[in-house]
Amino acid sequence: MQDSDSFDSSSSDSSRSHPIQRIAVRHADVGGIAIQRALPTRERRTVGAWCFLDHAGPAVFNGPSEGMDVGPHPHIGLQTFTWMIEGEVLHRDSLGSEQIIRPGQVNLMTAGHGIAHTEQTTGEPRQLHAAQLWIALPAEYAQMAPRFDHYPDLPRWEKGVVTQTLLIGEFEQYRSPVFTVSPLIALDLQWDDDGHLELPLRNDFEMGLLPLIGAFEVNDEKISSGEFAYLGMNLNTLRLTAEKGSKALLIGGEPIKQPITIWWNFVAHSKQEIVMAQRDWQQGNARFPEVKGYDGPRMTAPDLPWRTD
């Protein structure tokens, strides 16, 4: 997916005077799909190395002409992380990867120095419910070679009334196979009946929770659909209460120590890196090869929001 905003993580508010920071998600459209954007916002740029979070759908399409269709666009300095809940999406990229992601699976694309990709709804019935996140690569990995990984099997277990799926990182005795260079965690939490769940947390991680279906009580404070709950740090446990059928995404990680800038589809540790990436994309530089198999034009980068002379 793609972004058209510009944010500098060094300007984010690090205040934790309130135990839960409630952030209204922003509504947008990506490739013909209505999404709710939880990160980045003016109130919160990052949670650990997570620097972007879109909740797409749930949506049902009437025919083959409808659905998500995101044309060729570039990325640098990040990993795109797609968690599929319902439907199927075909991923193609400039490495030659072509992979359908199905429910319960993760696609991870590491952009590093530069990559281009496309995303299209596929399969029957034609529907889509997914979360896509970006992970900001640390400076020492920002120029690494691009790669693509697909993960069809992830740790999944039941605890009380909740089915938990570990998407990335480590939790209790479980370890996700998903490649990462940053200390991170992401858990999908599905309520199979009414009830509550208590989770142990690393107190050196900052944490956030996004309701995907339903509303929640988070440490006895109500969080509704359409809100992102930034939980901060120094939490040893988290208590969640919800009704049957509710679903949430819990993310966290060590706070970023290096300021980053996000603009359009680029994440970088300096504005000059973004200027160069924008130029290379617009000029058709070999840094961003063609995405083969996609029938449609490349996206055009918007004008930079700062002077470059």
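Two strands are said to pair if DSSP finds at least two bridges between them. This criterion applies to the first view of the predicted model.

**View 1. Strand 7 and strand 8 form a hairpin.** Strand 7 covers residues 78–93 and strand 8 covers residues 98–101; the two pair in the antiparallel sense over four bridges. Four residues lie between the two strands. In the turn, Gly 96 has a positive phi of about 100°.

**View 2. The largest nonpolar core of the model contains 29 residues.** Trp 50, Leu 53, Phe 81, Phe 228 and Ile 251 are the residues with the most contacts inside this core. Another core, of 28 residues, lies apart from it and includes Met 68, Val 89, Ile 101 and Phe 288. In soluble globular proteins, nonpolar side chains tend to be buried together.

**View 3. Leu 53 is shown with its contacts beyond the neighbours within four places in sequence.** Among the residues in contact with Leu 53 are Gln 36, Arg 37, Ala 38 and Leu 39. Further contacts of Leu 53 include Ala 131, Gln 132 and Leu 133, as well as Leu 210, Phe 228, Leu 249 and Ile 251. Of these, Phe 228 and Ile 251 are also listed with Leu 53 among the residues with the most contacts inside the largest nonpolar core.

**View 4. Asp 54 and Arg 37 form a salt bridge.** The closest N and O atoms of this pair are 2.7 Å apart. Asp 54 belongs to strand 5 (residues 50–60) and Arg 37 to strand 4 (residues 33–39), so the pair ties together parts that are 17 residues apart in sequence. Asp 54 counts as buried because its relative accessibility is 0%. Arg 37, with a relative accessible area of 5%, is buried as well.

**View 5. Arg 22, Glu 221 and Glu 227 are linked in a network of salt bridges.** Between Glu 221 and Arg 22, the closest N and O atoms are 3.2 Å apart. Glu 221 lies in strand 21 (residues 221–223) and Arg 22 in strand 2 (residues 21–24); the pair therefore ties together parts that are 199 residues apart in sequence. Arg 22 counts as partly exposed, at 39% relative accessibility.

**View 6. Arg 147 forms a salt bridge with Asp 149.** Their closest N and O atoms are 2.9 Å apart. Arg 147 is partly exposed, with a relative accessible area of 30%, whereas Asp 149 is buried, at 15%.

Notes: Residues are numbered from 1 along each chain as its sequence is written. This is a predicted model: local features need pLDDT of at least 70, side-chain atom pairs count only at pLDDT 80 or more; totals for chains, interfaces and linings use all residues. Side-chain values use heavy atoms; hydrogens and water are left out. A nonpolar core is a set of buried Ala, Val, Leu, Ile, Met, Phe, Trp, Tyr and Cys residues joined through side-chain atoms within 4.5 Å. Buried means under 20% relative accessible area, exposed over 50%, partly exposed in between (1.4 Å probe, protein chains only). Contact means heavy atoms within 4.5 Å. A salt bridge is a side-chain nitrogen of Lys or Arg within 4 Å of a carboxyl oxygen of Asp or Glu.
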